[in-house]
Amino acid sequence: MSYYIGIWEGPPPLSNAHAGSEFERRMAVRSQAPPSPGVLRLVDELLAIHPDIDRPEGEESPWSDGPLLNCVDGSAVFIPIRQDRVGEVAALVEQRARRLRLVAFDPQRGQLLPSATSVPRTAQFELPTADELPLHLRAVLAEAMGAGRPMAGIVEQADTEFYVQWLTRDGDLTIEAQGDRMLPAGLRLAPDGRAQMVDLGFVEGEPNWIIQWDDGGRHLDEAAILLTRVLTDVRRLPFGTPMSLQTFPV
């Protein structure tokens, strides 16, 4: 059996779960488009190190199928690796993909390479609808809670730098929303906005509003909804607002 690594050109996924959804979409809907420049360069670099398995010089090749160009579909390539060479070759594929700014995903482990919980990651995105956003945030929060190490995340509005953030540590989950002190006057909360934050369960403070749970894993749905409501109800950011997400071990 082969071990597959999915590589594609595109925006950095927000989480391992987001990457998994994108991988499944690309596997299900083949574009039949010609190879994109980044993917073609990756394949060329890999073949310069390990020739195709169907070539005379490829007897010791780690690829379990070939030629590798047949595994390319437009802006994606699904690289087949022999099971006995996975440890060695997956690291090579990850390193080359990262250098070319391609997304690398291991579907067997359900993880980005490197994993979304092992290194700092940044993604730019447009704010989804209030129905969709909690699903994405919950996936990121769940990965942070299960990382086995303290993790932080920051969602920031691109043009104002207003942020909401979280920290997971030893099972605790802390959610914060930026307070007024560092915001220009026009972005500070009106009395009704402050009342909304209190109604949501936040404790007012500076520099941030804060809410904390000792058993964060039981409150992931609630936390994702609270973050969404701060952005869409309190701050009233419209669908499509440019945002950024950073996640990192601490």
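Helices H4 and H6 are oblique to each other in this predicted model, because their axes, which lie 8 Å apart, meet at an angle of about 130 degrees, and an angle over 145 degrees would be needed to count as roughly antiparallel. H4 spans residues 133-145 and H6 spans residues 220-234, and the crossing of H4 past H6 is right-handed. On the H4 side the contact is formed by Leu133, Pro134, Leu137, Arg138, Leu141, Ala142 and Met145, while H6 contributes Leu220, Asp221, Ala223, Ala224, Ile225, Leu227, Thr228 and Leu231. Of the residues in this contact, 12 are nonpolar, 1 is polar and 2 are charged.

A further helix pair consists of H2 (residues 37-49) and H3 (residues 86-99), whose axes come within 10 Å and cross at roughly 140 degrees, which makes H2 oblique to H3. This crossing of H2 and H3 is right-handed, and the contact involves Leu42, Glu45, Leu46 and Ile49 from H2 together with Leu92, Val93, Arg96, Ala97 and Arg99 from H3. Its residues divide into 6 nonpolar, no polar and 3 charged.

| Helix pair | Angle between axes | Axis distance |
|---|---|---|
| H4 and H6 | about 130 degrees | 8 Å |
| H2 and H3 | roughly 140 degrees | within 10 Å |

S6 runs antiparallel to strand S11 (residues 242-249), to which 6 bridges join it, and the bridge partner of Phe125 in S11 is Met243.

Terms used:
Residues are numbered from 1 along each chain as its sequence is written. This is a predicted model: local features need pLDDT of at least 70, side-chain atom pairs count only at pLDDT 80 or more; totals for chains, interfaces and linings use all residues. Side-chain values use heavy atoms; hydrogens and water are left out. Axes are lines fitted to C-alpha atoms, for helices over the stretch in contact, and angles run from 0 to 180 degrees between N-to-C directions. Helices (H or I, at least four residues) and strands (E, at least two) are DSSP runs, numbered from the N terminus. Angles under 35 degrees count as roughly parallel, over 145 as roughly antiparallel, 65 to 115 as roughly perpendicular and the rest as oblique. A crossing is left-handed if the near helix is turned anticlockwise from the far one by less than a right angle, and right-handed if clockwise. Contact means heavy atoms within 4.5 Å. Ala, Val, Leu, Ile, Met, Phe, Trp, Tyr, Cys and Pro count as nonpolar, Asp, Glu, Lys and Arg as charged, and the others, Gly among them, as polar. Two strands pair if DSSP finds at least two bridges between them.
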